[in-house]
Amino acid sequence: MSAFQINLNPLKEPIGFIKVLQWIASIFAFATCGGFKGKTEILVNCPPLKVIENHTVEATFGYPFRLNQASFRSHPVVNVCNGNWSSHFLIGDYSSSAQFYVTFAVFVFLYCIAALLLYTGYTNLYRDSRKLPMIDFVVTLVATFLWLVSTSAWAKALTDIKIATGHNILQELSSCKQPEVMCYFHSVTSMGSLNVSVIFGFLNMILWGGNAWFVYKETSLHSPSNTSASHSQGGVPPPAGI
């Protein structure tokens, strides 16, 4: 087995440079989604009172977006308009799509580190091996497909999360349907970072799909006849990329 020796030249080639971009993009993908925390607020008042005062009732939510476990709570008054707000929950469980997206992004992050170590530390081993480039190529194709699947699923879940935490929550709160209670939707935390996570998901798909060609050039599938001829003459085939 070749000794570990740092060689940064592969990072100047497309296959190495794009791998660095993939590593960075994967960090943004799981960080912008997995670190999100937000809340949705409504204002409640009881018209029969002489003094109309709005009270805030809110529900906090975040990754992994099990909204059906996010209950409402009122402050500073515990039971606003004699309503048991803690018994009301948001609707929906989007943890499967969110966790699939974040978990896959973390695995991609780890794979990129391993690949960069292979490119820069065991350059000759990667060039001379027939199996390693092929494994890298297969992983690249699978990763491209999974980025498409996971990001599409997460984008659909994000759309549903926005609906479930928006104005529609008033229709689901039985306490707001009482004749003496008036509820108004107040605000919901901006989900800009979640929108960014979707963008980075599709960006990752483009990066992995585009890099497939450069990884393919490293395999014996790119020029099998030249590779066979070189081996038959006892020579070492020249590297296609890095």
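Reader: Where is N204 placed?
Author: N204 lies in helix α5, helices being DSSP runs of H or I with at least four residues and strands DSSP runs of E with at least two, both numbered from the N terminus. This is a predicted model, in which local features need pLDDT of at least 70 and side-chain atom pairs count only at pLDDT 80 or more, while totals for chains, interfaces and linings use all residues. Residues are numbered from 1 along each chain as its sequence is written, and side-chain values use heavy atoms, with hydrogens and water left out.

Reader: Is N204 buried or exposed?
Author: N204 counts as buried because its relative accessibility is 0%. Buried means under 20% relative accessible area, exposed over 50%, and partly exposed in between (1.4 Å probe, protein chains only).

Reader: And which residues is N204 in contact with?
Author: Leaving aside neighbours within four places in sequence, N204 is in contact with Q22, A25, S26, A29 and W147. Contact means heavy atoms within 4.5 Å.

Reader: Which residues of α1 are buried?
Author: They are I15, G16, I18, K19, Q22, A25, S26, A29, T32 and C33. The buried residues of α1 pack against α2, α3 (123–128), α4 and α5.

Reader: Turning to the sheet, what is the order of its strands?
Author: The open sheet has four strands in the order β3-β2-β1-β4, with antiparallel pairing. Two strands pair if DSSP finds at least two bridges between them. β3 (72–75) and β4 stand at the edges with a single partner strand each, so one side of each has no neighbour in the sheet.

Reader: How many bridges join β1 to β2?
Author: Eight bridges join these antiparallel strands. I42 stands opposite V57 in β2.

Reader: Which residues touch the most other members of the largest nonpolar core?
Author: Among the 46 residues of that core, they are I42, V44, F61, F65, W85 and W154. A nonpolar core is a set of buried Ala, Val, Leu, Ile, Met, Phe, Trp, Tyr and Cys residues joined through side-chain atoms within 4.5 Å. A second, separate core has nine residues, including I15, L116, F137 and A212.

Reader: How many disulfides does a search of the whole structure find?
Author: The search finds one, a disulfide being a pair of cysteine sulfur atoms within 2.5 Å. C176 and C183 form this disulfide, with their sulfur atoms 2.1 Å apart. Both C176 and C183 are buried.

Reader: Why is the disulfide of C176 and C183 left-handed?
Author: It is left-handed because the torsion about the S-S bond of C176 and C183 is about -90°.
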